[in-house]
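User: I'm new to reading protein models. Could you take me through one, feature by feature?

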Amino acid sequence: MNTFSIDDQLVMLIDRLNNAVNVCYTAPENPKEQGYPFATGYARSAMSEVADSLSAIVKQLREEE
């Protein structure tokens, strides 16, 4: 059971995705430190995490019905 409300969980997921988008936008400015390879890995990780979290939220909502 998650200790955060559904609203809070969704806001955190939105923030996670926004952070990944920002990393992708700034990748060209940091080609040596955090270029496209870093941005790709970061975005892939964020998308996987968000997909897993959304699946858990859906499961939680279905169990509450």
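Analyst: Let's go from the whole chain down to single residues. This is a predicted model, where local features need pLDDT of at least 70 and side-chain atom pairs count only at pLDDT 80 or more, while totals for chains, interfaces and linings use all residues. Residues are numbered from 1 along each chain as its sequence is written, and side-chain values use heavy atoms, with hydrogens and water left out.

User: How many helices and strands does the protein chain have?

Analyst: Helices (H or I, at least four residues) and strands (E, at least two) are DSSP runs, numbered from the N terminus. Here the protein chain has two helices and zero strands.

User: What does the radius of gyration of the protein chain come to, next to a compact globule?

Analyst: That radius is taken over C-alpha atoms, and the globule rule is 2.2 Å times the number of residues to the power 0.38. For 65 residues a compact globule would come out near 11 Å, but the protein chain has 15 Å. Its C-alpha trace spans about 50 × 15 × 15 Å along the principal axes.

User: And what span does α2 reach, against the one expected?

Analyst: The expected span of a helix is 1.5 Å times one less than its number of residues. Helix α2 covers residues 36–64. With 29 residues, α2 reaches 42 Å from its first C-alpha to its last, close to the 42 Å expected at 1.5 Å a residue.

User: Which residues are buried in α2?

Analyst: Buried means under 20% relative accessible area, exposed over 50%, and partly exposed in between (1.4 Å probe, protein chains only). In α2, the buried residues are A39, A43, A46, V50 and I57. Their cover includes α1, residues 6–26. Over the protein chain, buried residues make up 18% of the 65 residues.

User: Why does V50 count as buried, and what does V50 touch?

Analyst: V50 is buried because its relative accessible area is 5%. Contact means heavy atoms within 4.5 Å. Not counting residues up to four places away in sequence, V50 touches L13, R16 and L17.

User: Is L13 buried or exposed?

Analyst: L13 sits in helix α1, and its 8% relative accessibility is why L13 counts as buried. Leaving aside neighbours within four places in sequence, L13 is in contact with V50, S53, L54 and I57.

User: What about R16: buried or exposed?

Analyst: R16 is also found in helix α1. At 16% relative accessibility, R16 counts as buried. Its contacts, setting aside neighbours within four places in sequence, are Y42, S45, A46, E49 and V50.

User: Okay, and are D52 and R62 buried or exposed?

Analyst: D52 lies in helix α2 and is exposed, because its relative accessible area is 57%. R62 lies in helix α2 too, and R62 is exposed, with a relative accessible area of 62%. As for distance, R62 and A51 are eleven residues apart in sequence and 17 Å apart in space, C-alpha to C-alpha.

User: Last one: how many positive and negative side chains are there?

Analyst: Lys and Arg count as positive and Asp and Glu as negative; His and the chain ends are not counted. A charge is placed at NZ of Lys, CZ of Arg, CG of Asp or CD of Glu. The protein chain has 5 positive and 10 negative side chains, and the centres of the two sets lie 11 Å apart.
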